[in-house]
Amino acid sequence: ENKITANKSLLAAVCPYLKRLLFQCPTSEMPSVIPLDDTTTSAFQEFILFIKKYECDFNTEADILNLLKLAHRFQFKQLFKFLSQEIELQNHNIPFCVDLFDFLSSIGNDGWKEKCLSFFDEIFKNGVNVDTFASFSRTLIDELTCRNSFIIKEIDLFHCLIKWTEVNNAKSQAALFSNLRLNLISIEDFYRIVLPFNVIESSDYLNAIDKKLFDERITINERHTEQDNCKTDDSNGEDSDSDNSDDDFNYSYNSDEEYDVFISDECMSDNVSE
C-alpha cells in the first residue's frame, strides 16, 4: 500500500471538489484517507508539487495524461490550463496524442481537441501513412475524416480505412466509411479497388457521383468560413475545463492549521513501490 501525505487545507484551497469533500460534510463523515484509483503515485506527487510550487516535472507521457485526469476529476482549473499551455503535441509520439484527443473528447473540451485535430491534419499534409492511421481511435477517425482540412486523396483514405479494419479486427464497419467522399474517387478506382472489398455499394457511389455530394478537401487558409462537410452534427459545447480568466494563481494556507490527509493509491491499476 502506498500513501502520500498532503495538507488538507492546501488541497481544499485549490480544488473545489476536495474542499466540498473535506470541509462541507459532517465531521464524523470527513475522510482521513482518500483512495485514488486509475492513476499513479508519481502523477499525484506531481499534482501536489504543482499546488506548492506551480510547476511540474513531466517524467513520462503517462504521467501527463494522469495529471490531466486528476485536474479534471478534482476541478483544478489552474493545473489543467497550465498543462494545456505546456504540452506541445509535436514533441510527443502519436499514441500519446491519440490518447490525449480521446480524453479531451470524453470530457467535452472542444477547444483543445481542435488543436489535436489540427495537429493530425498537418501530419497527413506531409504524406499518407497507413500504419499511423491504423493506430487512431475510432472517435478520432470519425472526426478527422469529415474535416475539409484533412487533406488526403479519397482513394488513399479508403486504403487507410481498410488497413484500420484489418489492424483492429473490425467487422461490419459500414459507418466507418461514411465520411469517404465517394464522388471524388474515379470510376476506374472505384470498380477496380473499392468495390471488391464489399464495404460500399455501387448504388451509393453512383448516387454520390450524380448528386455531387461532397466538395474537395481544402486547406484551412482556403476554407475561410466554410463549414466542415460532416455527416454528423458538430458539437457546440463549451470547453468544460478551460479557464478563460487571467486571474493569478493565488492561495494561502496555514500548514499547522489542519491535520494531514493520507492519499492512498492502493486501488491503482499499476504496481508502484515507494
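S149 is buried, with a relative accessible area of 0% (buried means under 20% relative accessible area, exposed over 50%, and partly exposed in between, with a 1.4 Å probe and protein chains only). S149 sits in the loop between helix 9 (138–145) and helix 10 (154–167); helices (H or I, at least four residues) are DSSP runs numbered from the N terminus. The side chains of S149 and R147 are joined by a polar contact of 3.3 Å, a polar contact being a pair of N or O atoms within 3.5 Å where, within protein, one must be able to donate a hydrogen and the other to accept it, and where residues adjacent in sequence count only if both atoms are side-chain atoms.

The model is predicted: local features need pLDDT of at least 70, side-chain atom pairs count only at pLDDT 80 or more, and totals for chains, interfaces and linings use all residues. Residues are numbered from 1 along each chain as its sequence is written, and side-chain values use heavy atoms, with hydrogens and water left out.

**Aromatic pairs**

- The whole structure contains 19 aromatic pairs (rings of Phe, Tyr and Trp, the last by its six-membered ring, with centres within 6.5 Å; planes under 30 degrees apart are stacked, over 60 edge-to-face, the rest tilted).
- F50 and Y54 have ring centres 4.7 Å apart and planes at 45°, so the pair is tilted.
- F50 also forms a tilted pair with F82, at 5.0 Å centre to centre and 50° between the planes.
- That pair links distant parts of the chain, with F50 in helix 3 (residues 41–53) and F82 in helix 5 (residues 77–86), 32 residues apart.
- F50 is buried at 0% relative accessibility, F82 is buried at 12%, and Y54 is partly exposed at 39%.
- One aromatic cluster is formed by F44, F47, F50, Y54, F74, F76 and F82.

**Salt bridges**

- There are 9 salt bridges in the structure (a side-chain nitrogen of Lys or Arg within 4 Å of a carboxyl oxygen of Asp or Glu).
- K113 in helix 7 (residues 110–125) and E143 in helix 9 are 30 residues apart, and their closest N and O atoms are 3.1 Å apart.
- K113 is buried at 10%, whereas E143 is partly exposed at 26%.
- A network of salt bridges links D110, K113 and E143.
- R217 bridges to E154 with closest N and O atoms 2.6 Å apart.
- R217 lies in the loop between helix 12 (202–211) and helix 13 (220–223) and E154 in helix 10, so the pair ties together parts 63 residues apart in sequence.
- R217 is buried at 9%, and E154 is buried at 4%.

Technical notes. Helices (H or I, at least four residues) and strands (E, at least two) are DSSP runs, numbered from the N terminus.
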